[in-house]
Amino acid sequence: MSKHTPKKRQTVRNIQQKKGQEPIVVLTAYSAPMAALLDPHVDMLLVGDSLGMVLYGMDSTLGVSVDLMIAHAKAVVSASESAFVIVDMPFGSYQLSPEQAFENAARIMKETGCAAVKLEGGVEMAETVRFLTERGIPVMAHTGLKPQHVHTTGGYRYQGKTDEEKAALLEDAMAGQEAGAFAMLLECVENDVAAELTRKLTIPTIGIGAGAGCDGQVLVTEDMLGLFERTPKFVKTYGNMKEMIEQAVVDYAQDVRDGVFPEGKQTLKVVS
Ligand code: KIV
């Protein structure tokens with residue numbers, strides 16, 4: 001294949017066909033350089049509204065706007081070739097009505113070129129999921145811990161510990177599937193419950209803190225790379241980006257102070 005032949009992107013169909021066949025690999029990406037690095041190795045890139053906390057230091061995801069999601073999603077789509085790019089609908093952009101959700105989801109898809117959107121909710125969002133999917137917008141539903149509900153739930157808690165929570169999760173997942181969601185994200189769901197949901201649903205489940213019984217896994221890339229001092233218990237770190245950055249900055253500062261940088265190679269001179 002020539003270097004310039006664009007690769008074919010993963011589609012909803014490819015992703016769904018992986019259920020029961022092979023694990024689905026998903027990571028978050030918010031920028032062009034990160035998307036380019038991750039793209040060859042993942043099935044999906046999620047432009048998550050977690051970017052509000054990870055990149056902008058917000059206390060929660062609630063302050064993220066549609067414009068902000070669009071700016072980051074454009075960068076991710078343009079720098080990736082094969083991954084299925086899915087974009088979070090931020091708080092306040094879809095809860096009012098199915099029509100509001102359609103307007104914002106259509107804008108996100110048109111302006112970014114992404115393949116699908118994700119929204120938080122189960123039974124209460126089923127009508128909206130149906131409205132979007134019937135009008136050509138693939139939707140991943142997100143249940144379990146729903147970070148946009150942090151103020152009503154009073155914090156970030158594991159879901160599915162009690163029989164009531166388990167029954168509600170099952171209802172939410174079934175409602176999302178029946179409404180046409182192509183996949184279901186399960187966040188911080190008690191692991192046996194997530195495995196049971198995965199068996200009951202015909203659409204793929206993507207877990208984060210939901211155990212090995214899901215059809216796929218997603219992590220926030222910066223958590224996985226070890227950028228932060230503290231990460232949730234379910235995160236496995238595969239690098240130590242924090243230490244690497246700190247050491248590089250210490251070395252750079254020392255070189256500048258010692259007059260060692262810039263040196264010959266980095267010095268531009270007009271040769272007359
Ligand atoms: O915003 C996000 O990054 C998410 C995670 C739970 C994967 O939705």
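This briefing covers salt bridges, cysteines, backbone geometry, surface patches and some distances in the structure above. The model is predicted: local features need pLDDT of at least 70, side-chain atom pairs count only at pLDDT 80 or more, and totals for chains, interfaces and linings use all residues. Residues are numbered from 1 along each chain as its sequence is written, and side-chain values use heavy atoms, with hydrogens and water left out. The structure holds 13 salt bridges (a side-chain nitrogen of Lys or Arg within 4 Å of a carboxyl oxygen of Asp or Glu). Disulfides (pairs of cysteine sulfur atoms within 2.5 Å) number zero.

**Terms for place and exposure**

- Helices (H or I, at least four residues) and strands (E, at least two) are DSSP runs, numbered from the N terminus.
- Buried means under 20% relative accessible area, exposed means over 50%, and partly exposed lies in between (1.4 Å probe, protein chains only).
- Accessible areas come from the Shrake-Rupley method with a 1.4 Å probe, and for residues only the protein chains shown count as cover.

**Salt bridges**

- Side chains of opposite charge can pair when their charged atoms come close.
- Lys118 and Asp88 form a salt bridge in which the closest N and O atoms are 2.7 Å apart.
- Lys118 belongs to strand S4 (residues 116-120) and Asp88 to strand S3 (residues 84-88), so this pair ties together parts that are 30 residues apart in sequence.
- Lys118 and Asp88 are both buried.
- Glu111 and Arg107 are joined by a salt bridge of 2.9 Å, N to O.
- Glu111 and Arg107 are about one helical turn apart, because they stand four residues apart in helix H5 (residues 98-112).
- Glu111 is partly exposed at 35% relative accessibility, and Arg107 is partly exposed at 29%.
- A salt bridge also links the side chains of Arg157 and Glu165 (2.9 Å, N to O).
- Arg157 is partly exposed at 38% relative accessibility, whereas Glu165 is buried, with a relative accessible area of 17%.
- A network of salt bridges connects Lys18, Glu22 and Asp43.

**Cysteines**

- A disulfide is a covalent bond between the sulfur atoms of two cysteines.
- There are zero disulfides in the structure.
- Cys214 is in no disulfide, and the nearest cysteine sulfur, that of Cys188, is 11 Å away.
- Cys214 is buried, with a relative accessible area of 10%.
- Cys114 is buried, with a relative accessible area of 5%.
- Cys188 is buried as well, its relative accessible area being 7%.

**Backbone geometry**

- Most residues other than glycine have a negative phi, and most peptide bonds are trans.
- Cys188 has a positive phi, near 50 degrees, and is a residue other than glycine.
- Cys188 sits in the loop between strand S6 (183-187) and helix H9 (191-200).
- The peptide bond joining Phe261 and Pro262 is cis, with omega about -5 degrees.
- Phe261 is in the segment after H11, and Pro262 is found in the segment after H11.

**Surface patches**

- Patches are made of residues with over 30% relative accessible area and no salt bridge; like charges are joined within 9 Å, and nonpolar side chains (Val, Leu, Ile, Met, Phe, Trp, Tyr) within 5 Å.
- For charges, Lys and Arg count as positive and Asp and Glu as negative, while His and the chain ends are not counted.
- The place of a charge is taken as NZ of Lys, CZ of Arg, CG of Asp or CD of Glu.
- Asp251, Asp255, Asp258 and Glu263 make up a negative surface patch.
- Asp251 lies in helix H11 (residues 241-258) and is partly exposed at 40% relative accessibility.
- A nonpolar surface patch consists of Tyr252, Val256 and Phe261, which together have about 290 Å² of accessible area.
- Phe261 is partly exposed, with a relative accessible area of 35%.

**Positions and distances**

- Met140 lies in strand S5 (residues 139-144) and is buried, with a relative accessible area of 2%.
- Met140 and Pro98 are 15 Å apart in space, C-alpha to C-alpha, and 42 residues apart in sequence.
- His41 is located in the loop between helix H2 (32-38) and strand S2 (44-47).
- His41 is exposed, with a relative accessible area of 62%.
- A separation of 25 Å is found between the C-alpha atoms of His41 and Met53, which are 12 residues apart along the chain.
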